[in-house]
Amino acid sequence: MMKIIGNIGKYFQMVWVVFSKPEKWKIFRKNLFDEIELIGINSIPIVALMSTFMGGVIALQTASNMDNPLLPEYTVGYITRSSTILEFSPTIISLILAGKVGSNVASEIGTMRITEQIDALEIMGVNSLSYLVLPKILGAVLFFPVLIIFSIGLSLIGGWLSLTLSGLTSTETYVFGIRFFFFNSDIVYALVKTVVFAFIIVSVASYYGYYTKGGALDVGRSSTQAVVISSVAILIANFFLTQMFLL
Amino acid sequence: MIEVKNLNKSFGGMQVLFDINTNFEKGKVNLIIGQSGSGKSVLAKCIVGLHKPETGEVLFDGRNFITMSRSDRTEIRKEIGMLFQGSALFDSMTVEENVMFPLSMFTKMTKKEMLDRANFCLERVNLVGKNKLFPAETSGGMQKRIAIARAISMNPKYLFCDEPNSGLDPQTALVIDNLIREITYEYEMTTVVITHDMNSVIEIGDNILFIYQGKNWWQGDSKSIITTDNIEISEFVYASEFMKEIRSNMIDKRK
């Protein structure tokens, strides 16, 4: 228990140091764009693949479980949209990204730690946390919402494709369902969740990477811990955010 | 000059360094030698601020590094160059970018000026035409030389080298030793080298500190290390029959 509390304290201390003024804005800007490419743009293929197929599956599952003739046909589109915007895209895609991005960040920083590259930065007088972690956090916080919007769009397209190709509903009915009872606040909710999850994924992964001790085996261990802890943190944060926004 | 006064350091209740007092002189190659686990690297890391000692002072030309503010410490760190055991080059950067890195962080040089300086430093360590390679594409000896080039790019007053010869063949080790000695004399730096390599001890040791069980056990130069009757240092330096023979030959020659 004391170890957990100690880790949480150390994590917040790390976050405090991360958000200090960058040494040089020009270098920070370059690093930020590099991270956006590495963390964000490189995640587009996996997000696209997951979203399209999951959207298709959500739509098919919903359609196949709607036996009641009293339910209007457009409900399929309505449920697909709601599940996608409220949970699937922000939460499930974030969990997928926790695996991909989290392990990448933790192993990159962990390797820098055990090969003394972080010590080299410190000796030069560089604030290593700010230099390494701040561009990653900001890159994720700025680009994950773009990924989630992209995921929502592709999910809905996946749903449309699966329903129309299987002949379960028409395009008009599906689109009507998607537009039915739509609140802009749902998108805001999804994006707020995404920003929180992006912060959790990268900061937790950076924490485990930065405080890696030992050798290659420990980098692997840090990477696994980063994915597990950030996934659990996402689920807990999701619970509280849902309570705050929807109830 | 770097002065270390009454420095004590422990980890989790286990004391590693006991009341270390020593001076590392300017324009000289100062060596820290000792058995594995004797506390050499911990001492060096305390001096450069990677570990915080429990008590003691570290003075860089009279400036107390331990008690000064974070911003003042950052300023002193810009005067320190360090060569790590594993070179610690940034994998994602080319040779040239590695050498230019401190310049890009802390100077207002233009890209051309930085490139000129990087080329000068790489030329100084005999690495010409390797600018666009990545560290993984170079040999161990080249990586050490790139790390030296990076360490001297900011014209440091103090140079720290943590086992610069580890993992290198004797010939390349000699090249690195000579390079460290040459740049120390050329730029009048205070150089501190942690080493296990007895060749280095004899070849480049202007001032040698022997750490034994975390204590400052013996200090002298490469001449006095040959004639010392200190048992611990003799057992350490002349551990092999070969080294014992060399020692007796050297003493005979002097007679």
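A residue counts as buried if 20 or more other C-beta atoms lie within 10 Å of its own, as exposed if 12 or fewer do, and as partly exposed in between, with C-beta atoms placed from the backbone. This is a predicted model, in which local features need pLDDT of at least 70 and side-chain atom pairs count only at pLDDT 80 or more, while totals for chains, interfaces and linings use all residues. Residues are numbered from 1 along each chain as its sequence is written, and chains are lettered from A and ligands numbered from 1 in the order in which they are written.

Chain A has nine helices and zero strands, where helices (H or I, at least four residues) and strands (E, at least two) are DSSP runs numbered from the N terminus. Its pattern along the sequence is α-α-α-α-α-α-α-α-α. The C-alpha atoms of chain A fill a box of roughly 70 × 40 × 30 Å along the principal axes. Of the 247 residues in chain A, 45% are buried. Two residues are in contact if their C-beta atoms, placed from the backbone, lie within 7 Å. Among the contacts in chain A with a separation of 6 or more, 88% join residues 24 or more positions apart.

One helix pair in chain A can be followed in detail. Two packed helices are described by the angle between their axes and the distance between the axes. For helix 4 (residues 75–114) and helix 9 (residues 216–246) of chain A, the angle is about 145 degrees and the axes are 8 Å apart. Axes here are lines fitted to C-alpha atoms, for helices over the stretch in contact, and angles run from 0 to 180 degrees between N-to-C directions. Helix 4 of chain A passes helix 9 of chain A in a right-handed crossing; a crossing is right-handed if the near helix is turned clockwise from the far one by less than a right angle, and left-handed if anticlockwise. The residues of helix 4 of chain A that meet helix 9 of chain A include Gly99(A), Gly102(A), Ser103(A) and Ala106(A). On the side of helix 9 of chain A, Ser222(A), Ser223(A), Ala226(A) and Ser230(A) are among them. By class, this contact has eight nonpolar, 13 polar and no charged residues. Ala, Val, Leu, Ile, Met, Phe, Trp, Tyr, Cys and Pro count as nonpolar, Asp, Glu, Lys and Arg as charged, and the others, Gly among them, as polar.

Val196(A) is a residue of helix 8 (residues 184–210) of chain A. Val196(A) counts as buried because it has 20 C-beta neighbours inside 10 Å. Not counting residues up to four places away in sequence, Val196(A) touches Ala237(A) and Leu241(A).

Chain A also meets chain B: 13 residues of chain A are in contact with 15 residues of chain B. Helix 5 (residues 117–124) of chain A gives the most to the chain A side, with six residues. By class, that side has five nonpolar, three polar and five charged residues.

Chain B is assigned domain 1 (2–79 + 157–254) and domain 2 (92–155), with bounds from an automatic or database domain assignment. The C-alpha centres of domain 1 and domain 2 of chain B lie 26 Å apart. Eleven residues of domain 1 of chain B are in contact with ten residues of domain 2 of chain B. The largest share of the domain 1 side, six residues, comes from helix 6 (residues 170–187) of chain B. The residues of that side divide into eight nonpolar, two polar and one charged.

Helix 6 of chain B also holds Ile180(B), which is buried because 25 other C-beta atoms lie within 10 Å. Leaving aside neighbours within four places in sequence, the contacts of Ile180(B) include Val29(B), Cys161(B) and Ile204(B). In the loop between helix 6 and strand 8 (190–195) of chain B lies Glu188(B). Glu188(B) is exposed, with 11 other C-beta atoms within 10 Å, and has a positive phi of about 55 degrees although it is not a glycine. Asp19(B), in strand 2 (residues 14–24) of chain B, has a phi near 45 degrees, also a positive value in a residue other than glycine. Asp19(B) is partly exposed, with 14 C-beta neighbours inside 10 Å.

The largest nonpolar core has 128 residues. A nonpolar core is a set of buried Ala, Val, Leu, Ile, Met, Phe, Trp, Tyr and Cys residues joined through C-beta atoms within 7 Å. Ile201(A), Ile32(B), Leu43(B), Met82(B), Ala149(B) and Phe160(B) touch the most other members. The largest share of this core, 15 residues, comes from helix 6 (residues 128–166) of chain A.
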